[in-house]
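Here is a short tour of a few local features, written for reading alongside the coordinates. Keep the viewer open and follow along.

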Amino acid sequence: MRERRPFISFIINNSLALPASAILALAWANLFPASYTALSRATEFWVNDVAMVFFFGLAAKEVVEATAPGGALHTWRRAGLPVMAAVGGMAAPALIYVIAARAFDDTALLRGWAIPCATDIAFSYLVAKAIFRRHPAIPFLLLLAVADDALGLVVLAVFYPSRELHLLVGALLMAAAVIAGVGLRRMRTRSFWPYVLGAGSLSWVALYVGGLHPALALVPIVALMPHAARDPGLFVEAPPGAHDTLSGFEHWWKVPVQLVLFFFGLVNAGVPLRMYGPGTWTVLVSILAGKPIGIGLAVAASLAAGLKLPSHFGWRDVVVVGCAAGLGFTVALFFATAAFPPGPMLDQAKLGALFSVSAAVVTLVAALALRVGRFAAASPAARL
């Protein structure tokens, strides 16, 4: 495989394709709204329902490896605290969102309750890494984000059907897709393409016909792909010599998925800035306040139940990690498009999801105020 150019590698490794396209979309939608709307309407199905299949496929790959034997979330002892933190980090924002929506006396707004539950893994990781560098807070945040992703996939499938439900037909087609995937695995099929084009296409049709979101089509199929009996680490690319099916899928799709995210941002992030409203502030406040509150309360409850914090990971670190988890962006934007039809409510919610990048500033201020990570006192004894 040819080496990537440094500039392209920088964009891929730092997940910059999506924010670049979001900025472009915002500028385009506010300067030339008619042409932007025409582009968005013409391409949203192909981007949101087809291309995003591969983004969620890669997200599912992380969950599969993390929960496999030897993975970071394989045993309850390893998974307990970050999973409970993820649950708290989803429940509190949802509760705050519902309270705020009722305060605005807007029942239509209630449908977006899951939008602030999201954590953007890439951006929250980059912010946390800039603060903590090498520190137990980083793997804790990644474990939390993986659990958040897994729960988010369930929420999307259960609570946000994309059209009228035909669950019996969808279930029969999905059973055929899973049987096809199991058959490929038993035949020891090494290439990931039969899984994607065969079982994956059947899964897409099953979800589409059944009324669920077809972007989740590869989630059950990725779990059937053979993978090596090792866990290279969360969001660590498999070694170049890895030839198992799941690693091949990751190697091939890592770069194209960045292009998918570019078009996802371009098609979905273009919102006239004048369209802010109750939905914007409801999403933003719920995610910025709800994530640290929910994660903090869940960690406290878990410690009371007998779980323990990792070594050298104190309460101040928990607060800062909670703030970093408030970066919703990609998944929050996707949830917004799933929750609301085109119109003012969707625009308001999208702006709230986009403005959640301000969690980066909140995280930096919290780290500075609490003196954690790069802002910690020189003496280790000064830490909690």
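## A helix crossing

Helices H5 and H12 cross in a right-handed manner. This is a predicted model. Two packed helices are described by the distance between their axes and the angle between those axes. Here, the axes of H5 (residues 121-132) and H12 (residues 315-324) come within 9 Å, with a crossing angle of roughly 145 degrees.

Which residues make the contact? From H5 come Ser124, Ile131 and Phe132, while H12 supplies Asp317, Val320, Val321 and Ala324.

## Aromatic pairs

How many aromatic pairs does the structure hold? There are 22 of them. One joins Phe192 and Trp193, with ring centres 4.7 Å apart and planes at 35 degrees, a tilted arrangement.

Are these two residues buried or exposed? Phe192 is buried because its relative accessibility of 7% falls under 20%. Trp193, at a relative accessible area of 30%, is partly exposed. Both belong to a cluster linked by ring pairs, together with Phe54, Phe249, Trp252 and Trp253.

## A loop residue

Now to the loop between helix H7 (167-186) and helix H8 (193-210), where you will find Thr189. Thr189 has a relative accessibility of 16%, so this residue counts as buried.

What does Thr189 touch? Leaving aside residues up to four places away in sequence, Thr189 touches Leu184, Pro194, Tyr195, Pro226 and Thr245.

How values were computed: Residues are numbered from 1 along each chain as its sequence is written. This is a predicted model: local features need pLDDT of at least 70, side-chain atom pairs count only at pLDDT 80 or more; totals for chains, interfaces and linings use all residues. Side-chain values use heavy atoms; hydrogens and water are left out. Rings of Phe, Tyr and Trp (its six-membered ring) pair if their centres lie within 6.5 Å; planes under 30 degrees apart count as stacked, over 60 as edge-to-face and the rest as tilted. Buried means under 20% relative accessible area, exposed over 50%, partly exposed in between (1.4 Å probe, protein chains only). Axes are lines fitted to C-alpha atoms, for helices over the stretch in contact, and angles run from 0 to 180 degrees between N-to-C directions. Helices (H or I, at least four residues) and strands (E, at least two) are DSSP runs, numbered from the N terminus. A crossing is left-handed if the near helix is turned anticlockwise from the far one by less than a right angle, and right-handed if clockwise. Contact means heavy atoms within 4.5 Å.
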